[in-house]
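Please read these points beside the sequence and the coordinates.

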Amino acid sequence: MSTGMTDEFCKEAMRIALTSGLSRRRGADDLGVGFSTLNKWVSAQRDTGVVSAEDRDLARENE
C-alpha cells in the first residue's frame with residue numbers, strides 16, 4: 001500500500017468496497033483512487049482480518 005494513502009484510508013476504502021453494494025469501479029471513482037489500486041488493496045487484505053466477518057457477510061449479500 002505504498003500509494004501515499006494512509007493505512008486508515010486504505011482500510012476504510014476496502015471496507016466500503018466490500019460492503020457498500022456499489023460496483024468496485026464506482027467505489028474507486030467515488031473514493032478518488034484507481035480501480036486497479038482498489039482491487040489490489042482488497043485482494044491483498046480480504047482474508048487478513050482488516051474486514052470483519054460481518055462486513056464480509058454483508059458483501060456477499062450485496063453481490
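1. A17 touches R24, L38 and V42, with residues up to four places away in sequence not counted; contact here means heavy atoms within 4.5 Å. This is a predicted model, in which local features need pLDDT of at least 70, side-chain atom pairs count only at pLDDT 80 or more, and totals for chains, interfaces and linings use all residues. Residues are numbered from 1 along each chain as its sequence is written, and side-chain values use heavy atoms, with hydrogens and water left out.

2. Where does A17 lie? Its place is in helix α1; helices (H or I, at least four residues) and strands (E, at least two) are DSSP runs, numbered from the N terminus. A17 counts as buried because its relative accessibility is 12%. The classes are buried under 20% relative accessible area, exposed over 50%, and partly exposed in between, with a 1.4 Å probe and protein chains only. A17 and L38 are 21 residues apart along the chain, and their C-alpha atoms are separated by 7.9 Å.

3. The largest nonpolar core has 10 residues: C10, A13, M14, A17, L18, A28, V33, L38, W41 and V42. Such a core is a set of buried Ala, Val, Leu, Ile, Met, Phe, Trp, Tyr and Cys residues joined through side-chain atoms within 4.5 Å. Two or more residues come from each of α1 (7–19) and α3 (35–45), and α1 gives the most, with 5 residues. In soluble globular proteins, nonpolar side chains tend to be buried together.

4. α1 and α3 pack at an angle of about 90 degrees, and their axes are 10 Å apart. Axes are lines fitted to C-alpha atoms, for helices over the stretch in contact, and angles run from 0 to 180 degrees between N-to-C directions. The two helices, α1 and α3, are therefore roughly perpendicular to each other; angles under 35 degrees count as roughly parallel, over 145 as roughly antiparallel, 65 to 115 as roughly perpendicular and the rest as oblique. On the α1 side the contact uses F9, C10, A13, M14, A17 and L18, and on the α3 side L38, W41, V42 and Q45. By class, the residues of this contact are 9 nonpolar, 1 polar and no charged. Ala, Val, Leu, Ile, Met, Phe, Trp, Tyr, Cys and Pro count as nonpolar, Asp, Glu, Lys and Arg as charged, and the others, Gly among them, as polar.

5. For helix α2 (residues 24–31) and α3, the packing angle is about 110 degrees, with the axes 8 Å apart. α2 and α3 are therefore also roughly perpendicular to each other. R24, R25, G27 and A28 of α2 meet F35, L38, N39 and V42 of α3. These residues divide into 4 nonpolar, 2 polar and 2 charged.

6. L22 sits in the loop between α1 and α2. With a relative accessibility of 38%, L22 counts as partly exposed. Beyond its neighbours within four places in sequence, L22 is in contact with G27 and D30.

7. Which pattern does the protein chain follow along the sequence? The pattern is α-α-α-α, with 4 helices and 0 strands. Of the 63 residues in the protein chain, 25% are buried. Among contacts with a separation of 6 or more, residues 24 or more positions apart account for 57%.
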